[in-house]
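Some questions and answers follow, for reading alongside the sequence and the 3D view.

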Amino acid sequence: MRKRVLRMLATALVASTVLVNPMVSEAGSILPAGGDTNYILHTETDFKIMDMVYKMQNGETVTIENAAQMATLTKVGYADYQTAGPISITEGRMTYNTYWGSEDKEVYVVALSGTETIVENQTTTVKEDLLSGFELSNEYATNVKNAIIDRIPAGSNIILAGHSLGGMVAQQVAADKYVKDNYEVLNTVTFGSPLIKGFTREGMVKRLGDSSDKNTFYSISSVLNIVWQYAGVNHEDGGYNGDSPAAHCDSYLREDVWGSYDCAGEKRGSICGIETGSRMLTLNFATTSFYTSLYGTTAVARTSILPKKTPAECYDLAKAAVADGYITEDVLAKFTTFAQDNDADSVETEVIDTMESDAELVEADTTENDSIEDANLIEEVINPELDEATVVDTEAVVE
């Protein structure tokens, strides 16, 4: 009987991953990052990811206030899977309220993307889904730990976040003995991920799951700890009416669904007069490093997402998406990064033109002034000569 249940669970994991993967792959193909991308824009969530990619490329400092923004950070890893990798690590600060007052801590945020089967070499396939779902060691989890060791000083505070498979691996890392012995795991937040390593994880763990997303239940805990598996999920209804793949890919980036949860996945409210769900991150994207997770290696490679399109080109692409009916003008207006960069180019051109015009005017004024001064000097030289001639003539008359 138990073997039959395990086989059914494995089948469910495989089926859900195969169903979800094409949409996840498409989400990865729309970004102006690297590789042979199609640059197709379909939804508001696509713009959210693209907007964050450009903020990273520009090294901006951003504030992550809610779970939807945190989910966007985890899905940036889909941007350039082939060369950049599914793991990102960013330095920042987290502020929040406690019974003893406000706290402000330096943190490292480790964000993990999920399943992606169309790329070569990356350890983000159905194999890792099955291994992680059964709480077994796998190369993705090992390489996340390697990236942490490479990038984060021992004793530092860590926040783990992951979408789908990334959320399962995040929980495995939060339960890893080496990580717990050498770092302080403050929070783990997952999006569309089932319960993993429930009894050994360090720090506060929050699992967020759309009510239509069935992937939040596909792990061994559905057999061994079914109560925690179901009761441990914070549910919100994104209106997908049972469409699990759509909910799994799009729901978590929507602030209208998850905006009431803080960046660590805790719902806002108050207990005994103390505000809950108050965690907020300030991240310096100039510090962001991406890591590959290649098969058959115990060492990870640090990489970055490189820009392939200029802001002006990206904004033109966005306007084309509006013209094609994929999104509305209202949605486009929410994401001004591309428009501002495009306008900045125009402003810079105007400034240069103005400076050149001013320079020409100054040069003309200078030339005119020099001519006037030269004329005055000539007049001064001529006048004494005239005076001298007048004196000679006068003396001649007197004689």
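This is a predicted model: local features need pLDDT of at least 70, side-chain atom pairs count only at pLDDT 80 or more; totals for chains, interfaces and linings use all residues.

Q: Is Trp100 buried or exposed?
A: Trp100 sits in the loop between β2 (87-98) and β3 (101-112). Its relative accessible area is 79%. Exposed means over 50%, so Trp100 counts as exposed.

Q: Is Asn138 buried or exposed?
A: Asn138 is also a loop residue, placed between α4 (126-133) and α5 (139-151). Asn138 touches Glu128, Leu131, Ser132, Val169 and Gln172, leaving out residues up to four places away in sequence. The relative accessible area of Asn138 is 5%. The limit for buried is under 20%, so Asn138 is buried.

Q: How many Å from a polar atom of the Asn138 side chain does the backbone nitrogen of Ala141 lie?
A: The side chain of Asn138 has a polar atom 3.3 Å from the backbone nitrogen of Tyr140. For the backbone nitrogen of Ala141, the distance to a polar atom of that side chain is 2.9 Å.

Q: Which residue of β5 is the bridge partner of His163?
A: Strand β4 (residues 157-163) and β5 run parallel and are joined by seven bridges. His163 has as its bridge partner in β5 the residue Phe191.

Q: How many of the eight residues of strand β5 are buried?
A: Strand β5 (residues 184-191) also pairs with strand β6 (residues 204-210), in the parallel sense, over five bridges. In that pairing, Thr188 is partnered by Val205 of β6. Strand β5 is mostly covered, and its buried residues number seven.

Terms used. Residues are numbered from 1 along each chain as its sequence is written. Side-chain values use heavy atoms; hydrogens and water are left out. Buried means under 20% relative accessible area, exposed over 50%, partly exposed in between (1.4 Å probe, protein chains only). Helices (H or I, at least four residues) and strands (E, at least two) are DSSP runs, numbered from the N terminus. Two strands pair if DSSP finds at least two bridges between them. A polar contact is a pair of N or O atoms within 3.5 Å; within protein, one must be able to donate a hydrogen and the other to accept it, and residues adjacent in sequence count only if both atoms are side-chain atoms. Contact means heavy atoms within 4.5 Å.
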